[in-house]
Each structure stands twice: as structure tokens, then as C-alpha cells.
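Me: I am new to this structure and would like to go through it by question and answer. Please show it to me before we start.

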Amino acid sequence: KCGISVFEDSRQPVDVSPVVALVSSAVNIASFGFNTESVMRCLKTGLAGFDTKEISDIENYAYLWKINGSEWLREWKQNPKGFGEELGEEEKEELACLNEIRNRMVAPLYSLRENLKDAKGEDAAKAIYVFLEKINAAEHIKNLAVSLEKQGETGLALELERLWDTVIDLLDSLETLLRGR
């Protein structure tokens, strides 16, 4: 105000952080299956490597056809335009694109689910870390932090990086603590 710099510190609940939302939704999917709400929460963090259009297209199809559970793991065949519509060449191309996005999205989550299925102690922490590496989360976090800084949200950018470091440190500590258990 009046040209005077002001710093306002406001705490946000940690569970709304993209980093925590990504990890918690991925672990939720691994534990309880592919429910659409968890899948969309994971994608919408901006850290899973999908752009807004891809996420929107997947979400629209999932809600149109009520995709849930194991349907995320099978090839989609229903018309992206909806009920009663003929599956023309354009719709077939759109469906192929949706299935390609679905495959890229499901692969690391399915792998995490399989790796956590019988994981004990340190293996669980490793499985989560490997999942984060597979989706290149560290790079996506850097990009999001840069974007936030450009928007003048330096505090949010720093908080995002701090939470990422905390999650990685926590996984490392868990791996060390639970080694051999």
C-alpha cells in the first residue's frame, strides 16, 4: 500500500498443497483402488505431468460414462460424445487419444499399487519415491514454483518447495527407520 512492501504470512492447511495432495491421492489409489475422485485429485495437482486439456478431457469422459474402479485399467470404448451418438472417425481418434492419456496416467499409479501391495517397511517408502520419480514430480514442482514466482506468488513457491523437501526427507527417514522390518 502506498509503495510500501508488505509481507503477509498466512498459513494454509498442508493437505491442500499440491505435493501432499499428489502423494495422498496416489497412496489412496494404491490402497483402495482407482476411484475417479482420487484419480482426478492426483491429476489436478499439476504435478503428474498432464496439461489442463488432457485432464479436462479425461475428467469429462470419466464423468460422462461413470468410469470408476477397474474401468480405469481397461480400454475405453464408449463414444466420447455421449449416448446415442455414432462412433465416426473423429470420435475414434478422440477415443484413441483418451486411451493414450489414460494409459500414461494409469501406468505409474498401477505400478505404485503393485509395489505397495505386499510392501513392508522400507519398501513402502521406496515405492512412493519411485512413483514420484516415474512421474518426474521434482521437475513439475520446479516448473510450478517458477510459474508461481512469475505470478508474484513467491511465498507459495517457497512453501511448495519446502513441502517437497519435507516429503522427500520423510520418505528417506521412513526408509531408514523401517529398514529390515
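Me: How many helices and how many strands are there in the protein?
Reply: This is a predicted model, in which local features need pLDDT of at least 70 and side-chain atom pairs count only at pLDDT 80 or more, while totals for chains, interfaces and linings use all residues. Residues are numbered from 1 along each chain as its sequence is written, and side-chain values use heavy atoms, with hydrogens and water left out. Helices (H or I, at least four residues) and strands (E, at least two) are DSSP runs numbered from the N terminus, and from that end the elements run α-α-α-α-α-α-α. The count for the protein is therefore seven helices and zero strands.

Me: What share of the residues of the protein counts as buried?
Reply: A residue is called buried under 20% relative accessible area, exposed over 50%, and partly exposed in between, with a 1.4 Å probe and protein chains only as cover. Of the 181 residues of the protein, the share that counts as buried is 36%.

Me: Which helices are among those that cover the buried residues of α2?
Reply: Helix α2, residues 36-43, is mostly covered, since six of its eight residues are buried. These buried residues are Thr 36, Ser 38, Val 39, Met 40, Cys 42 and Leu 43. With contact taken as heavy atoms within 4.5 Å, what covers them includes α1 (18-32), α3 (52-64) and α4 (89-117).

Me: Is Gly 69 buried, partly exposed or exposed?
Reply: Gly 69 lies in the loop between α3 and α4. Its relative accessibility is 27%, so Gly 69 counts as partly exposed.

Me: Which helix gives the most to the negative patch?
Reply: Glu 149, Glu 161, Asp 165, Asp 169 and Asp 172 gather in this patch on the surface, where Asp and Glu count as negative, Lys and Arg as positive, and His and the chain ends are not counted. A patch of this kind is made of residues with over 30% relative accessible area and no salt bridge, with like charges joined within 9 Å; a salt bridge is a side-chain nitrogen of Lys or Arg within 4 Å of a carboxyl oxygen of Asp or Glu. Asp 172 has its place in helix α7, and is partly exposed, with a relative accessible area of 48%. The helix that gives the most, with four residues, is α7 (residues 154-178).

Notes:
Patch = residues over 30% accessible without salt bridge, like charges linked within 9 Å, V, L, I, M, F, W, Y side chains within 5 Å. Areas by Shrake-Rupley, 256 points an atom, 1.4 Å probe, with all protein chains shown as cover. Charge placed at Lys NZ, Arg CZ, Asp CG, Glu CD.
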